[in-house]
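Please work through the following exercises on this structure, trying each task before reading its solution.

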Amino acid sequence: MKIKKFTFNPVSVNAYLLWDETKEAVLIDPACFYPAEELELSRFIENEGLKIVHILNTHGHFDHLMGNDFATTKWNLKVKIHSGDAFMAGQARQDAVFFGITMKNPASTSEPLSEGDLIRFGNSSLRVIHVPGHSPGSVAFYENGDKLLVVGDILFEGSVGRTDLPGGSHELLITGIKEKLLTLDDEVVVYPGHGGHTTIGWEKRTNPYLK
Ligand SMILES: [Zn+2]
Ligand SMILES: [Zn+2]
């Protein structure tokens, strides 16, 4: 399994591309905003000879939806997002205004993700793990073969997602992380929606929010 991180848009969101030996790939939170970012993403995919078969959102906050229109049009796919956050596409433009960013609402058509779903590509799959609290429909995507976990804004190196936004719950977030993520193997590498990567073992030992 290969993974490539891009950091895009004025809010510095990590977009992730995962692919295996078949060159089939999934794109998680495309997030590109500026034309140069769209070009960087599409050029990388072309140069590697990848075929995008799924476009996924970790959750519905506007900064993670920024590349949706570009990516769904470019690769002719619908975005997949948990039903708890699907409505947020309709308010992205308004939410972005509070950050001084002008964007249009991304397409509101999407396909629903649910706990336990398997997202298949090539010889690989990602399992959907629903961890509400940062937003009602936040999910993580787990790849069991190479033990990769893409978590959006659920968990960060040394921190957890903010829970002061509408629909947030600190208690749900911490319970969900402890029960569904910290129960994975220590060596699982965690790829958050902002900042650098970490591991389940390191967060279990050192993250002050998870004591
Ligand atoms: Zn978020
Ligand atoms: Zn975010």
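Residues are numbered from 1 along each chain as its sequence is written, and chains are lettered from A and ligands numbered from 1 in the order in which they are written. This is a predicted model in which local features need pLDDT of at least 70 and side-chain atom pairs count only at pLDDT 80 or more, while totals for chains, interfaces and linings use all residues; side-chain values use heavy atoms, with hydrogens and water left out.

**Exercise 1.** Find the order of the strands in the open sheet, and its edges.

Solution. Begin with the elements, which are DSSP runs numbered from the N terminus (helices H or I, at least four residues; strands E, at least two), and let two strands pair if DSSP finds at least two bridges between them. The six strands of the open sheet then come in the order S1-S2-S3-S4-S5-S6, with mixed pairing. The edges are S1 (2-8) and S6 (110-113), each of which pairs on one side only. Within the sheet, S3 (residues 24-28) and S4 (residues 51-56) run parallel and are joined by five bridges, and Val26 stands opposite His54 in S4.

**Exercise 2.** Which residues coordinate the zinc ion (ligand 1)?

Solution. Take as donors the N, O and S atoms within 2.8 Å of the metal (3.2 Å for Na, K and Ca); water is not among the atoms, so sites may look incomplete. His59 (NE2), His61 (ND1), His134 (NE2) and Asp153 (OD) coordinate this ion at 2.1 to 2.4 Å. Next, Asp153 also coordinates the zinc ion (ligand 2), and the two ions are 3.5 Å apart.
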